[in-house]
Amino acid sequence: MLYLASRSPRRNELLSRLGVPFRALDLEVPELRAPGEAAEAYVRRVALDKARAGLALVADDAQAVVLGSDTEVVLDDRVYGKPADAADAAAMLASLAGRTHRVITVVGLVGAGREAVTTVVSEVSFAPMSAADIAAYVATGEPMGKAGGYAIQGGAERYIHHLAGSYSGVMGLPLQQTADLLAAFAAGAAGDSMDQGE
């Protein structure tokens, strides 16, 4: 049985598009970047932490495979988590406006004695945003709970003038790479690491 170690409605929706039966697990995993930890290593660790925590929850299912994923916005080696409040969201958007940043999504699969990961890095370029643009977007409430303070599939889409990479990856689960990872894992091809960085 496949389990999704996430409370994110977006990841639930995205994974359901693959047509694979799964159950979502409700769990909370700390997301704290260690001093000196590279951004990509941090995202990978959190994704695997989620998958491993999920596997511990369903330890009675010997056939369990747990999918954990983490998505972070990165600019100049700063990892933008979820905004603490509206002012934090506005500050994030102001720093992203008119610039290109990376969105790193890592998908980890964990089963009995097996782990596999894939890393997808996308580049997102924001058009310039005025203070009024930012204030209006923040006022919608959409930035809250979103890495970097925006949802590409929502109101922020109008400010994104270029995307190189995976649209679904920026949303939180890169579908093509996730489908490949699930297929390889099911076929028994996944070893300790099956990184498919892009």
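Q: Is Gln153 buried, partly exposed or exposed?
A: This is a predicted model, where local features need pLDDT of at least 70 and side-chain atom pairs pLDDT 80 or more, while totals for chains, interfaces and linings use all residues. Residues are numbered from 1 along each chain as its sequence is written, and side-chain values use heavy atoms, leaving out hydrogens and water. Buried means under 20% relative accessible area and exposed over 50%, with partly exposed in between (1.4 Å probe, protein chains only). Gln153 comes in at 30%, so call it partly exposed.

Q: Which residues does Gln153 touch, leaving aside neighbours within four places in sequence?
A: Gln153 sits in the loop between α4 (131–139) and β7 (160–164); helices (H or I, at least four residues) and strands (E, at least two) are DSSP runs numbered from the N terminus. Counting heavy atoms within 4.5 Å as contact, its partners are Arg10, Tyr167 and Met171.

Q: How many nonpolar residues are in the contact of α3 with α4?
A: On the α3 side, Ala86, Ala89, Ala90, Leu93 and Ala94 meet Ile134, Tyr137 and Val138 of α4. Ala, Val, Leu, Ile, Met, Phe, Trp, Tyr, Cys and Pro count as nonpolar, Asp, Glu, Lys and Arg as charged, and the others, Gly among them, as polar. With no polar and no charged residues there, the nonpolar count is eight.
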